[in-house]
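Subject: Structure handover

Hello,

Here is the structure I promised you. Please open it, then read my notes below.

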Amino acid sequence: MNDISQKAEILLSSSKPVPKTYVPKLGKGDVKDKFEAMQRAREERNQRRSRDEKQRRKEQYIREREWNRRKQEIKEMLASDDEEDVSSKVEKAYVPKLTGTVKGRFAEMEKQRQEEQRKRTEEERKRRIEQDMLEKRKIQRELAKRAEQMAGRGGSSL
C-alpha cells in the first residue's frame with residue numbers, strides 16, 4: 001500500500017499531465033484479473049442476451065406458424081360451408097383502390113400546394129390591380145388640382 005501512495009504523490013506533484021490510460025499496478029496482476037473478469041462477465045451477458053433473443057424469435061415463429069395454421073383451418077371450414085350453400089355462384093375478387101399509397105399522398109400534397117400557389121398569385125394580382133387603381137385615382141386628383149391651380153393662376157395673371 002505504501003508503494004501506491006508514493007506513486008500517487010509522485011503523480012500529483014509532477015507538472016506533467018497524467019495520461020488517461022495510466023493504470024497503477026496494485027500487485028501481482030490485480031487490475032489484469034479485474035479486467036479479465038469484467039470481460040468474461042460482459043461476454044456472458046452478451047451470450048445470455050443473444051440466447052434469450054434467439055429463444056424469443058423461435059417462440060414467436062412457432063406462435064405465428066400455429067396462428068397461420070388455425071387461420072387456414074378456419075378458411076377451409078368456411079370455404080367448405082360456402083361450397084355446400086352456394087356451389088354455382090361465381091365470386092368476383094374485389095381489389096380495393098390503393099388510396100393510402102405514398103405516391104398518392106405525394107400527388108395529393110402536390111395538388112394542394114399548386115392550388116395554394118395559384119390562390120396566392122391570384123390574390124397578389126388582385127391586390128396589385130387595386131393598388132394601381134388607387135394610385136391612378138391619386139394621380140388624377142393631383143392632376144386635376146394642378147389643372148385647377150393653373151387655370152386659377154392663368155385667369156388671375158391676365
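In which helix does V102 lie? V102 lies in helix α3. Helices here are DSSP runs (H or I, at least four residues; strands are E, at least two), numbered from the N terminus.

Before going on, note that this is a predicted model: local features need pLDDT of at least 70, side-chain atom pairs count only at pLDDT 80 or more, and totals for chains, interfaces and linings use all residues. Residues are numbered from 1 along each chain as its sequence is written, and side-chain values use heavy atoms, with hydrogens and water left out.

**The patch**

**The salt bridges**

How many salt bridges does the structure hold? There are 10. A salt bridge is a side-chain nitrogen of Lys or Arg within 4 Å of a carboxyl oxygen of Asp or Glu.

Start with helix α3, residues 102-157. E122 pairs with R125 there, and their closest N and O atoms are 2.6 Å apart. The two are three residues apart, about one turn of the helix. E122 has a relative accessible area of 29%, so it is partly exposed. (Buried is under 20%, exposed is over 50%, and partly exposed is in between, using a 1.4 Å probe and protein chains only.) R125 is partly exposed too, because its value is 43%.

Helix α3 also holds R127 and E124. They form a salt bridge, with 2.7 Å between the closest N and O atoms. Their spacing is three residues, about one turn of the helix. R127 counts as partly exposed because its relative accessibility is 46%. E124 is at 28%, so it is partly exposed.

Salt bridges that share partners also build one network, which joins E66, R69, R70 and E73. Look at R70 and E66 in it: their side chains meet at 3.6 Å, N to O. Both lie in helix α2, residues 30-85. They sit four residues apart, about one turn of the helix.

Best wishes
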